[in-house]
Amino acid sequence: MIAEVEESTDDAIKILLSVLGDTSGTVSQRRKALAAASARLIEQFEAGESVTNLVRLRSDLIDQLLIRLLQDHAGDLPANAVLVAVGGYGRGELHPCSDVDIMILVNDALPDEVSKLITTFLTELWDIGLDIGHSVRTLAECREQAAADITIATALLEARRIIGPEELFRNMQSEISADDIWPTEQFFITKKEEQRLRHHRYEDTAYQLEPNVKGSPGGLRDIQMIGWVAKRHFGVNTLAELVAHNFLTPGQLKILEDGQEFLWRVRYALHVLAGRSEDRLLFDHQSRLASMLGYEDASYTLAVEQLMQRYYRTVMEISRLNEMLLQLFEEAILMDPNAIPIPINERFQVKNGYLQTTNDDVFARDPSAMLELFLLLQRQDGIRAVSAYTIGQMRRNLHLIDEEFRTNPRNQRLFLSILRAPAGVTHGLRRMNLYGVLGLYIPSFGRIVGRMQYDLFHAYTVDQHTLFVVSNLRRFALSRFDHEHPHCSLLMQSFDKPEIAYLAGLFHDIAKGRGGDHSELGAVDAEAFCLEHGLSQYEARTVAWLVRHHLVLSMTAQKKDISDPDVINEFAALVRDKTHLDFLYVLTVADVNATNPKLWNSWKASLFRDLYEQTARALRRGLRKPIDRELRISETQDNARTLIISSGIEEKTAARIWKLFPEDYFLRYGSDEIAWHTKWLANVDTTSQDGQLDIRLRPNGDHIEAALYRPRRKRTFAQATALLDELGTTIVDVRIVPLANDFNLDTYVFMELDRRTEVDDTRLARIRRTLSQILTSTDESAGKVTRTAPRQVRMFATKTVISFAADEANGRTVVELVARDRPGLLSVVGRIFLELNITIETAKILTIGERAEDVFYVTNVQGKALSAEICNELSKRLLQSVDASTGK
């Protein structure tokens, strides 16, 4: 529906038809000829030819091919038949591997001999390599089927005659355009609902890691949607004609044309790379696509990230225009044009439920009204949205948001009022971003709009992730969402200044893509912004501190041994007071939940909460009175003893089992876990050289725990991790404790890869049977993993990095492994530890998208830290084995 380009010249058609060769040749010759013609178009694409010309040129080429082949098989069509292009082909838009949808329109049923010839014609189209969609319909059938199915009505709405009587074709157009077949009002309502459902299939966001160029919000379908409604309502054939109807400005038309040109170029390249019809921007294609389209790696931004940022910014503009234009259609088609506006103040009024300016000069005369508008949306009940015309006015005045605007005290008060509003904060910020206001008011935010990070960890662009963080913080602040994160809600609703959290959320990732530490750079921006907006020095520094340290709580909980009081004391010294701890905790939970919907689980929640509680306890004692081991052990034992006795186990029985446990055991396990282990071991033979196994679902969680009691001489980490990997689980924690009787207690915490929150008894029984193999196995490295890494993970090359640190207080060595994640990785590491007589005490398993970041607390067989020689040998073997196992 975009304005027609110049028709292909006769010379271009002749060149392409000469490549096709003599159409009276064999099917094989014609197939080769079509392939050669397609290759010629691809050469032109790679040479920089306009993709708009190329999709039109391919459509022209297929027109000529169909006409030639139809004449070969059926001679000229009978006088009562028309060959019609429908769908994208009807619009004259064909990409290299697009379906070619055609209809043969007839007045009456065709004679048998003609039908047979047409069948042969259609068969040859398939044989020479075209994906043909076809139908044969009479005028009556067109009317009947269009009335019954809006998809058919839409396809026929953009039909184009290829060859045959024009009068018959026009009769078909008249039939499907009749007022009693999809009246404009019903057509609009149905197509709008169709778009809503389509967007919902793509999670209502254009910012997926692997978006669909055609169907995702802001994609080509959204442009086509505008065209369909425009054609039905106004009878226009191109979007350019909407300018004359005052539904589009020339600037908006250019945005749509440029957006379509870019998306067409991406889609054309996808077809070329995939060798088939492909509309998904899969990781498999993104890097090669960026190279094909001329992007190059820059100092701080990969070529693929530049491509995807351009994509996300393009679809955001198209989404905005789609929303505006559909709203204009709604006002014109469904609403009362004579409705009386309800005034709010001298600048704004409400008409038909939409907020609009009182005149065309409001923003030019008073630029502050561009912020006031969002505040009114928060405060005024009954407003559906901003009117499309007013959005257009605001867009035309965005240049007024300059340094003078940003330093205007009134505008600074308006912005803080939006953040402090009792309702509509998230909605307001998202609208500000969509309309281009937020990125101009906070220029550093504007630089992250559409910025993606080429990995599987970050599911959204930086700007969308940031707004999700603020959204999560807002949900914590509203009591109706208390059931989602009760502890965060309790804290957030206790803050006198919740805007401190919102500002930290807005700025925590704002410096990504600049080079350097984004936390440090963002903290500088945040503090300056807060001071400029009148926050106190304490408040500004608190926001800056939160931005600077927004990753610390998460990394401490997931990568450090938080059973170690020294770790807790060190973290408490960084936090300093409970106010900072509370703000950091809610920000961290909001951040993790906004990074990727699949990241949050009960295990992560328990780690964060445990770190929070232990740190709060340390702060209550005072930093000059750090938590000591004896006190922590005593408190844990008292709590565990209460649980054990309440379950019917005698205290003397518990005491007998506890004699097996070293002092560190009571630091490394919680009271609930200790009670479980005690009750289990009290009821099994603890002298059996085969060992014992128990499994349970974690209380109030979605993880499974396995406890393995085995002779110390049997080191089973490699085998256990291989078996769990093969079962399709993901391991999150391993702890291995030497007991007083030459046995070890190994515990594994894991969850289902498909993240099922309910695991039935059958599944638990299978896990138990599988892990029971360890009890009778004599091969400590047994266990083969046949599962392969998911497709997306295989697309990334992660450099393997091994680092060592000394845990002097506990006489251990800390080994950190960063590598591409894959099934069997932990088993590979375990076998190397076995070969080098290295003992694992604790393993903290962290998967960040496609990357494994695993930390092992280890000793030698004498229970001491590793020597430099062993560390060097371990590093060498890990690099060789891990790289070999990941296919490097």
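Guide: Start at arginine 710. Its relative accessibility is 4%, so arginine 710 counts as buried. Here buried means under 20% relative accessible area, exposed means over 50%, and partly exposed is in between (1.4 Å probe, protein chains only). This is a predicted model, with residues numbered from 1 along each chain as its sequence is written. Local features need pLDDT of at least 70 and side-chain atom pairs count only at pLDDT 80 or more, while totals for chains, interfaces and linings use all residues; side-chain values use heavy atoms, with hydrogens and water left out.

Arginine 710 sits in strand β10, residues 704–711. Strands (E, at least two residues) and helices (H or I, at least four) are DSSP runs, numbered from the N terminus. What does the side chain of arginine 710 reach? It reaches the backbone oxygen of arginine 712, at 3.3 Å. That is a polar contact: a pair of N or O atoms within 3.5 Å; within protein, one must be able to donate a hydrogen and the other to accept it, and residues adjacent in sequence count only if both atoms are side-chain atoms. Now set aside neighbours within four places in sequence. Arginine 710 is then in contact with Gly691, Arg715, Thr716, Ile736, Phe743, Asn744 and Asp746. Contact means heavy atoms within 4.5 Å.

Step back to the whole chain. It has 888 residues, and 57% of them count as buried. There are 41 helices and 17 strands. The C-alpha trace spans about 100 × 75 × 50 Å along its principal axes. Take the contacts with a separation of 6 or more: 71% of them join residues 24 or more positions apart.

Next, a covered helix. Six of the eight residues of α7 (150–157) are buried. They are Ile150, Ile152, Ala153, Thr154, Leu156 and Leu157. Their cover includes strands β2 (100–106) and β3 (132–138). It also includes helices α6 (139–148), α8 (166–176), α9 (184–201) and α10 (220–234). Aspartate 149 caps the N-terminal end of α7. One of its side-chain oxygens lies 2.8 Å from the backbone nitrogen of threonine 151.

Helix α10 leads on to α12. Their axes come within 10 Å and cross at roughly 135 degrees. Axes are lines fitted to C-alpha atoms, for helices over the stretch in contact, and angles run from 0 to 180 degrees between N-to-C directions. That makes α10 oblique to α12. Angles under 35 degrees count as roughly parallel, over 145 as roughly antiparallel, 65 to 115 as roughly perpendicular, and the rest as oblique. The crossing of α10 and α12 is left-handed: the near helix is turned anticlockwise from the far one by less than a right angle, whereas clockwise would be right-handed. Leu220, Ile223 and Ile226 of α10 meet Leu256, Gln260, Leu263, Trp264 and Arg267 of α12. By class, that gives six nonpolar, one polar and one charged residue. Ala, Val, Leu, Ile, Met, Phe, Trp, Tyr, Cys and Pro count as nonpolar; Asp, Glu, Lys and Arg count as charged; the others, Gly among them, count as polar.

Helix α12 (residues 250–274) also crosses α14 (residues 303–333). These axes come within 10 Å, at roughly 135 degrees. That makes α12 oblique to α14. This crossing is left-handed. Residues of the contact include Leu256, Gly259 and Phe262 of α12, and Tyr311, Ile318 and Leu325 of α14. The contact has twelve nonpolar, three polar and three charged residues.

Look at the loops beside these helices. Asparagine 246 lies between α11 (241–244) and α12. Asparagine 246 is exposed, with a relative accessible area of 69%. Its phi is positive, about 60 degrees, although it is not a glycine. Most residues other than glycine have a negative phi. Asparagine 338 is in the loop between α14 and β5 (342–343). At 65% relative accessibility, asparagine 338 counts as exposed.

Asparagine 352 is in the loop between β6 (348–351) and β7 (354–357). Asparagine 352 has a positive phi, near 55 degrees. With a relative accessible area of 28%, asparagine 352 is partly exposed.
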